[in-house]
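Thanks for coming. Please have the structure open.

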Amino acid sequence: MPNVAILVLNYNAGPLLAEAVRSLGSQTHTEKALYILDSASTDGSFQAVQREFPSHTYLPLAKNRGFASGINVGLAKAFADGAQFAWLFNPDAEADPRTLATLLETAQKHPETGLFSPIIADPEGRIWYAGGRIRFWRMRTEHHQKLSSKESFETAFMTGCALLISRTLWERIGGLDERFFLYYEDADYSLRAIRAGFSLRVVPAARVLHREQSEQSPQKVYFLVLSGLLFFQKYAETRLQKTFFRARVTIRRMKNRLDLALRRPRASWVARAYGDFFQHADVRDLPHLR
């Protein structure tokens, strides 16, 4: 079976990080190596995992560089070390013991596929991700939350929660787009993979639990809006798409002004995202992202 590098990027995940690493160490696939990266966490979670699991590879980053940038450090290291696959894994997730082996069995049957994902469920057992799509005219990505097949199937959008990347794909299209500090980097990677001739495949027999630690964070709203604007601007390629993008964003900003006037929750974070998007040619220049 191919060598696999498992990449976990931590940022203040607390005790969930140890649970994630423990589940990854219990994977039945033996030809694997764990790389735990840390985005300058302040909660001690990175150091605690180092003490508990000293045999893994630890890559501390000098600052929080965002998901795409941090993962790219791990991808470069993993493939330089000879890995044939890299498995991105969220620190607030846990995998069934045979998840990785099942993904790799599917990968061997489908060499034309560049990205693979398990079914991902929430703590109540409800499906959180079973494939997805990108809805350009609504400017959003969507997770399918009903299982359509017991066999592996192709989809149009992969989440980065537990994403298996083939070395062949990485060598063809490179790493994640670092303009996306958080969110939509997976949608971008999905489209780039498809445009390079690869398919994306969901594997129902492989299962992961995701606790979605960021669900209630107001910063999540900020980055979803900011990264969504970056993504749909990037892929508004025709004149019609560009006109639609400008009109849709104008309407959304008008609604946001109304939400601000009504003092609705998180409206200020949405307004900040719009302001940062329009005031900076490259959002990586934003002071709080540098």
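**Cavity, helix packing and a salt bridge**

Helix α8 (residues 239-261) supplies the largest share of the lining of the largest cavity, 3 residues. Helices here are DSSP runs (H or I, at least four residues), strands are E runs of at least two, and both are numbered from the N terminus.

Before going on: this is a predicted model, local features need pLDDT of at least 70, side-chain atom pairs count only at pLDDT 80 or more, and totals for chains, interfaces and linings use all residues. Residues are numbered from 1 along each chain as its sequence is written, and side-chain values use heavy atoms, with hydrogens and water left out.

Back to the cavity. Rolling a probe the size of a water molecule over the atoms shows where empty space is left. A cavity, on a 1 Å grid over the protein atoms alone, is a set of points where a 1.4 Å probe fits but cannot get out, and lining residues have an atom within 4 Å of a point. Grid points are joined across faces, edges and corners, and the volume is the space filled by probe spheres set on the points. How many cavities of 30 Å³ or more does the structure hold? There is 1, and the volume of the largest cavity is about 90 Å³. Its lining is Phe136, Trp137, Met139, Phe232, Tyr235, Ala236, Gln241, Phe244 and Phe245. By class that is 8 nonpolar, 1 polar and no charged; Ala, Val, Leu, Ile, Met, Phe, Trp, Tyr, Cys and Pro count as nonpolar, Asp, Glu, Lys and Arg as charged, and the others, Gly among them, as polar.

Now α8 against helix α9 (residues 267-279). They pack at about 140°, axes 9 Å apart; axes are lines fitted to C-alpha atoms over the stretch in contact, and angles run from 0 to 180 degrees between N-to-C directions. The crossing is left-handed, meaning the near helix is turned anticlockwise from the far one by less than a right angle, with clockwise being right-handed. On the α8 side the contact includes Phe245, Val249 and Leu260, where contact means heavy atoms within 4.5 Å. This contact has 9 nonpolar, 2 polar and 3 charged residues.

Helix α7 (residues 218-234) also meets α9: the axes come within 8 Å and cross at roughly 35°, and this crossing is right-handed. Among the residues in contact are Tyr222 and Leu226 of α7, and Val270 and Phe277 of α9. The classes here are 12 nonpolar, 2 polar and 2 charged.

Last, salt bridges: a side-chain nitrogen of Lys or Arg within 4 Å of a carboxyl oxygen of Asp or Glu. The count is 20. One joins Glu154 and Arg201 at 3.4 Å, N to O. Glu154 is in strand β10 (residues 153-155) and Arg201 in strand β12 (residues 199-210), 47 residues apart.

Terms used: On a 1 Å grid over the protein atoms alone, a cavity is a set of points where a 1.4 Å probe fits but cannot get out, and a pocket is an open set with protein on both sides within 12 Å along at least five of seven lines; lining residues have an atom within 4 Å of a point.
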